[in-house]
Structure formats: C-alpha cells, structure tokens
Amino acid sequence: MTPDVRPHEKLNRVVIFLGPPGAGKGTQAKELARKFSAPHLSTGDMLREHVAQGTSLGQRAQPIMGRGELVPDSIVLRMVAERIERPDCSHGFVFDGFPRTVAQAKYLGESLKQHGYKRPFVIHLAIDPSILLRRLTGRRTCKVGGEIYNVYERPPKVAGICDADGGELVQRPDDREEVIGPRLQAYEKQTAPLAAYYGRLGLLHVIDAAKSVEEVGQQVLQSVKSVRGAR
Ligand code: ADP
Ligand code: ADP
C-alpha cells in the first residue's frame, strides 16, 4: 500500500526528477511538491518566465530553447543558486528538469552540502522513446496556474480551459515536432549520462513512467518514503 503523507510532514530532502522530455517529470514533481507543501523548482518554467518578461536572461535563452538545445550551464546555475537561497527551500524541495548536465549535477552536489543536505534523492522516470511524441505533441499547459494536460491522455473537461482555475490552455512552442527531435537528441547526449552518474553514487531510483499518472505517483511516493530524510 502507498504510505500517506502526514499533515504538516516535511519533505526534508532534495528530490530530482530525471527523464526525457515528456516522461512526466513536471506532472509528478508538481504532485509530490503539493503533497509535502514543498517548492517545485522547474528550470524550464523559470526560463519561460524570463522569456515572457523579456529579461536579458530571457532574451539570451529564448532562441536556444526555440532550437531545442540546452541553455548554457552558467545561466541555469545562477538562476538555481538564487532560487534555493530563499527561505521556503529550507525543508526540502523538488527539482524538475535540473540538473541536465554532469557539470550541473556536480555543482548541485556541492551546493547541497553547503545548504545542509547530505545527498539528493534521484528518481529516474524511465520510458520507451516511442511514447514520447504523443505525450509532447498532446501537452497543453494552463497559462495561469501551470497545470499540465494532454489532449489525448489527460484532456480537460472543456477543451482549451483549465479544470482547476479556468485559465487558457496553451501549447509550448518547443512542443512542435520539428523541435522535439533536437530536444530528444540533447537529452540523449547531455542528460542521459546523468543516470549512470547517479547510479554510480548509489542514488538512482528507477520508476516505469509508461504507467498511468496515478500509478507512477504511487511509486514515486513509496520510493521517497522508503528512505529516511537526507538532512
Ligand atoms: P521538458 O519538461 O519537456 O523536459 P523543460 O520545460 O524542462 O522541458 O525545458 C524546456 C527547455 O528549457 C529545454 O529544452 C532547455 O532549452 C531549457 N532548460 C530547462 N532546464 C534546463 C537546464 N537544467 N539546463 C539547460 N537548459 C534547460
Ligand atoms: P516532462 O516534464 O517530463 O516533459 P510532463 O509532466 O509535462 O513531462 O508530461 C508530458 C505530457 O504527458 C503531458 O501532456 C502530461 O499530461 C502527459 N503525461 C504525464 N504523465 C503521464 C502518464 N503517466 N500517462 C499519460 N500521460 C502522461
């Protein structure tokens, strides 16, 4: 049986979701963070926010994201360093889409030590690549609250409208087929080696991400609760 989260139970660890674009990192990271009232730190969302606001960081990142490539480590690391300093991160938090390179993972390891966390808890959402195209082309996100839907798998009750807050559902510009190819290639080349990296450190928890959102969520919670807090 899946263990429950007690009222006011703290996450007290840093959870990382690894997996290719479309594996379900955002969906699961949001849900886990919600259960523990912990911050959900999506570097993709942070970058898109910079793009939307037209900051100088956003102006640098936008064309790179549009091509489906990774934004340079220096940009992402500065953004993450600033975010995890904030007081809401003192009882654990959930990363989604970070780290994405071995350099980012090394930086994170050092930074967590300085923040009093022993080691991250790494969940690898493993999935057959053939499923990803449908997940990515079908993805729609609420403009207001960021809720994630899928027109094929997890449609909203009313097309184009978020069930939770009535916000407009939009498609990300990089979820078009011509950008999905380069994104999957960037994952294979730069991010997939992280599974071996964390595997060698004995920190990798592999979960079958082809199952339903609910089943994957149960596995995630079970796995997080099976190991004592990492502080
Ligand atoms: P997905 O959820 O589909 O994997 P994300 O929302 O995490 O996509 O990321 C969207 C884009 O933002 C990436 O293709 C990349 O350009 C950029 N990005 C996000 N996180 C990182 C990161 N940690 N390092 C470098 N680039 C990143
Ligand atoms: P990622 O952050 O890894 O790119 P998302 O969480 O945004 O992935 O999910 C990608 C798409 O797949 C979304 O449209 C989401 O609704 C859908 N999705 C996520 N998990 C599942 C699942 N277990 N089964 C079916 N569809 C899913």
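**Entry 1: the shell around the ligand**

I began with helix H2 (residues 43-53), which supplies four residues, the largest share of the shell around ligand 1. I note that the model is a predicted one.

I then looked up the whole shell and found 19 residues surrounding ligand 1. Thr43, Arg48, Glu69, Arg100 and Arg183 are the closest of these. Sorted by class, the shell holds eight charged, seven nonpolar and four polar residues.

For Arg183, I recorded 2.5 Å between an N or O atom of its side chain and an oxygen atom of ligand 1. For Arg100, the side chain places an N or O atom 2.9 Å from an oxygen atom of the ligand.

**Entry 2: helices H5 and H8**

I turned to a pair of helices. A packed pair is described by the angle between the two axes and by the distance between them. Helix H5 spans residues 102-114 and helix H8 spans residues 193-200. Their axes come within 10 Å and cross at roughly 35°.

Which residues make the contact? From H5 I listed Val102, Ala105, Lys106 and Leu108, and from H8 Leu194, Tyr197 and Tyr198. I classed these residues as six nonpolar and one charged, with no polar residue.

Notes. Residues are numbered from 1 along each chain as its sequence is written. Chains are lettered from A and ligands numbered from 1 in the order in which they are written. This is a predicted model: local features need pLDDT of at least 70, side-chain atom pairs count only at pLDDT 80 or more; totals for chains, interfaces and linings use all residues. Side-chain values use heavy atoms; hydrogens and water are left out. A residue is near a molecule or strand if one of its heavy atoms lies within 4 Å of it. A polar contact is a pair of N or O atoms within 3.5 Å; within protein, one must be able to donate a hydrogen and the other to accept it, and residues adjacent in sequence count only if both atoms are side-chain atoms. Helices (H or I, at least four residues) and strands (E, at least two) are DSSP runs, numbered from the N terminus. Ala, Val, Leu, Ile, Met, Phe, Trp, Tyr, Cys and Pro count as nonpolar, Asp, Glu, Lys and Arg as charged, and the others, Gly among them, as polar. Axes are lines fitted to C-alpha atoms, for helices over the stretch in contact, and angles run from 0 to 180 degrees between N-to-C directions. Contact means heavy atoms within 4.5 Å.
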